[in-house]
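User: Could you walk me through how to read this structure, with the general idea behind each feature?

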Amino acid sequence: MTALKKVFLKGNEAIALAAINAGCHYYFGYPITPQNEIPEYMAKHLPEVGGEFLQAESEIASINMMLGAAATGVRVMTSSSGPGISLMQEGFSYIAGNELPGVVVNMSRQGPGLGGINATQGDYFQAVKGGGHGDYHLIVLAPHTGQELYDLTIKAFELSEKYRCLTMLLGDAVLGQIKEPINPWKPEITAGDPDRDWLITGAKGRQPRLIKSLFLADGEMEKHNWRLQEKYRQMTANDVMVETRFIEDARLVLVAFGSMARIAKTAIDQAREEGMKVGLIRPITLYPFPAASFKNLSESVSRVLTCEMNTGQMVEDVRLSIDSNIPVDFYGRPGGSVPTPEEIFDRLQQAYAEVEQ
Amino acid sequence: MKQVVKRPASLTEKPFHFCPGCHHGIVHRLVAEALDFFNLREKTIGVASVGCSVFLYDYFAVDVIEAPHGRASAVATGTKRVLKDQIVFTYQGDGDLAAIGTAEIIHAANRGENITVIFVNNSIYGMTGGQMAPTTMLGQRSTTTPYGRDYHRDGYPIKMTEMLAALEGPSLVARVAVDKPANVKKARKIIRQAFQMQVEDKGFSFVEVLSACPTNWGMTPQEATKRVSDEMIPYFPLGVLKQKDVVDVL
């Protein structure tokens, strides 16, 4: 890894820079707010590294162009927001079935429908439960700072290649638009092993290869699906990422991801200053979900509060992950608003008062 | 004895599964002959579409990517943008290309993507069992136009070749048929030309092939082939509608 000069960038630009530094030289996309800085940065800077930027006619086309490029083994990315991500679900399902790598960014916006362009976490279900047709998952990463947007973009390429599985960075307008100091770095590249036995390159001196998701012969489809499930099992065993704070002695644990986790950290610091024993679990991989962190909660914990910028999505996974009878509360607001640290602090205080009773 | 004809090297040994009288087998062979002619088998990527044509991966001895329904020209775009020195072709039916994939084909053509598109128009959805296609002829019965296609309700059969020829982007846009030996010979020549455009980096080439589907038309192979000659060709005229020999440069 090589450290590079510190820069001051919007979150969206940090993602684009990280992708290029990770060796991603192909980008296909379609304009949509609040992620336009990503295609704009790519359009400007990919030619400098001999890469290709292409503005597609739709998100349906972008994701399929990505499919066609990914089949050759290069690093490739697309990005969009809610409505565009909905259009890409067909492609996500095919890429899952085809077992191709690739990175997609969802700088999500409020919905349903055309919604609004402000921050929200309403796309959690769509991101982590598959989203398109069939029994599959994406790897879903949830950064909460500009630096983490940068770092996890690089990680996203590595994970997507490790498992031949589409990897999504799930952010929102707050993360995409805030300008922050970033310490960029270049990973060892890693453009992938040219001898991978599935690459589509033209059948020179070898048997022809096929990338497909159609399995009609007796038993083939089930076998294929079990192979996919084995990959999900492997990533759950080996590649879960989670950040915890103050959970060793916490009586109340707050759970939040992305922008919400950033707001929650401020509230938690204030609560600790005021002597409340509260902690934080911040899932970084939303899929695979860090279920083990909830199974192994310390005995001091008697209540969990999940906060989201939606009306209750991740909280379902939190409840599924907790084996004990610890009550799991939820506080959230739907698309259209961003809670303040004071608001979360008030909720913490209320919940903590109930814990102390 | 001297061998005067043989199976193209770009085809596998697998016998075609297509119905008796279906023209896919002829079109597959013509495409394979073009690949052989330019010695492209080991540097070609085929993009299969959804429909009866999806099984081309069983028949072509080249690398193949299977595209979602209608998206073959977008998939081919992604592949060709990376592998600029390889040959990338799509092979799509009329439901795939002219209905669900209309946006993708128009914009690939308009960008002048250096790919070759073989468009097999048999005026019906074959694999799903004979529903109306955008190219179904007026009055033609299908399982979803049981009383015949009526333009008041379903509009007119769409002429993709004419639409694409109106764009600035494409370099070769043509329509051929394989209903009789003379037309097969012309089709062979034009499909070869289409691949030649790509070999010479001249950009987007598109060949529509009028084709019979006896099974879903409810006809014998002979009747179906005659229908291509008598009903389809008068509405979908054959010929090279557009050819650019010099590629525009910025």
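User: How do strands pair across the two chains?

Analyst: Two strands pair if DSSP finds at least two bridges between them. Here, strand S11 (residues 210-211) of chain A and S2(B) run parallel, joined by two bridges. Ile211(A) has Ile65(B) in S2(B) as its bridge partner. This is a predicted model, where local features need pLDDT of at least 70 and side-chain atom pairs count only at pLDDT 80 or more, while totals for chains, interfaces and linings use all residues. Residues are numbered from 1 along each chain as its sequence is written, with chains lettered from A and ligands numbered from 1 in the order in which they are written.

User: How many residues does each chain bring to the contact?

Analyst: Two residues are in contact if their C-beta atoms, placed from the backbone, lie within 7 Å. Chain A gives 33 residues and chain B gives 28 residues. On the chain B side, H3(B) has the largest share, with eight residues.

User: Which helices and strands does chain B have in number?

Analyst: Helices (H or I, at least four residues) and strands (E, at least two) are DSSP runs, numbered from the N terminus. Chain B has ten helices and seven strands.

User: What part of the contacts in chain B with a separation of 6 or more joins residues 24 or more positions apart?

Analyst: Such residues account for 68% of those contacts. As for extent, the C-alpha atoms of chain B fill a box of roughly 55 × 50 × 30 Å along the principal axes.
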